[in-house]
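Please find below some notes on the model.

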Amino acid sequence: MEEPLISVIVPVYKVEAYLRRCLDSIVNQTYRNLEIILVDDGSPDHSGAICDAYAKRDRRIRVIHKVNGGVSSARNAGLEAASGEYIGWVDSDDWIEPDTFMVLAEVVESQKFDIISFNREFVKGEEDAIVSDSLVTQVFEGKDAFVQMLKHSYITGFANDKIYRKSLFTDNDIQFPIGKYYEDLGTNYKLFLSAKKVYATNQKYYHYLIDNPDSITQSWNEKKFSDMFGFYKEVFYSDFVRSQLNKEELQMSQLYYVNGLIHILASLYKSKLDKN
């Protein structure tokens with residue numbers, strides 16, 4: 001059976017201290033049929049040069065240098081350039097386990113799933129090891145996987161702990177929203193509800209760094225609040241969602257919406273923003 005080509009897209013911005021670790025974890029994957037697309041989003045440090053150096057050593061790597069436009073813009077640029085049947089995302093300050101794509105590609109090819117969802121470990125340094133729970137794997141219809149995400153199961157709302165069939169984006173005209181924080185929230189619900197079959201495992205393959213001071217997720221401001229609030233409202237009260245969920249599922253989505261607002265308010269309180 002022919003191995004599917006997986007396009008791994010890495011948005012790159014101001015991560016020279018972490019980028020080599022990220023790229024080493026991708027180029028050293030035991031699964032070799034990868035197209036690695038590095039999108040230098042106008043990074044002001046040496047990140048772009050590091051990308052070019054890696055591209056000279058590995059023919060699978062393509063580098064896109066562009067004017068800074070934010071994470072969504074970089075992801076969309078990578079998606080447009082990708083030629084793989086499947087898409088994976090890795091943030092440039094994170095890294096993945098060496099057998100990530102070998103294990104998951106076998107799942108993708110075996111039953112032609114539209115989305116492969118796995119899990120992540122939140123870490124503060126390279127020495128932090130993956131600690132997985134007892135293995136759980138399940139197969140869902142797309143709508144049911146979306147509902148599992150609403151229930152805060154091991155299916156998250158993040159994009160970088162998943163592999164997607166590229167046609168989910170192209171056939172449904174789905175892109176990441178430009179200029180928004182928490183762009184995954186405004187994208188994943190459309191992808192889940194467009195998918196026919198989803199494979200989900202709680203196995204952790206992804207190291208998510210939480211102590212990068214330059215990460216856009218490590219501090220709060222009013223725009224982040226506004227964007228997250230807007231996405232929660234869009235996701236769980238949009239006509240697109242309401243047309244596909246039954247009454248019980250809609251109630252679940254509303255509970256998730258309320259939980260999200262509580263999370264936002266708690267984060268705002270901790271960040272000591274102006275109470276207005």
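**Notes on strand and helix packing**

1. Ile 6, Val 8, Val 10 and Val 12 point one way from strand 1, while Ser 7, Ile 9 and Pro 11 point the other way, and all are buried. Buried here means under 20% relative accessible area, with exposed over 50% and partly exposed in between (1.4 Å probe, protein chains only). In a regular strand the side chains alternate between the two faces of the sheet. Because seven of the seven residues of strand 1 (residues 6-12) are buried, the strand is largely enclosed by the rest of the structure.

2. This is a predicted model, in which local features need pLDDT of at least 70 and side-chain atom pairs count only at pLDDT 80 or more, whereas totals for chains, interfaces and linings use all residues. Residues are numbered from 1 along each chain as its sequence is written, and side-chain values use heavy atoms, leaving out hydrogens and water. Helices (H or I, at least four residues) and strands (E, at least two) are DSSP runs, numbered from the N terminus.

3. Strand 1 pairs with strand 2 (residues 34-41) in the parallel sense over seven bridges; pairing requires that DSSP finds at least two bridges between the strands. Strand 1 also runs parallel to strand 4 (residues 86-89), joined by four bridges. Val 8 has Ile 36 as its bridge partner in strand 2 and Gly 88 as its bridge partner in strand 4.

4. Helix 1 (residues 19-27) makes a right-handed β-α-β unit with strand 1 and strand 2. Right-handed means that, with the strands pointing away from the viewer, the path from the first strand over the helix to the second runs clockwise.

5. The axes of helix 1 and helix 2 (residues 47-57) come within 11 Å and cross at roughly 25°. Helix 1 and helix 2 are therefore roughly parallel to each other (angles under 35 degrees count as roughly parallel, over 145 as roughly antiparallel, 65 to 115 as roughly perpendicular and the rest as oblique). On the helix 1 side, Leu 19, Arg 20, Leu 23 and Asp 24 meet Ser 47, Ile 50, Cys 51 and Tyr 54 of helix 2; contact means heavy atoms within 4.5 Å.

6. Helix 7 (residues 185-194) is mostly covered, with eight of its 10 residues buried. Helix 7 packs on helix 8 (residues 222-237) at an angle of about 20°, their axes 9 Å apart. Leu 185, Gly 186, Tyr 189 and Lys 190 of helix 7 meet Met 228, Phe 231, Tyr 232, Glu 234 and Val 235 of helix 8.

Methods
Axes fitted to C-alpha atoms, helices over the stretch in contact; angles between N-to-C directions.
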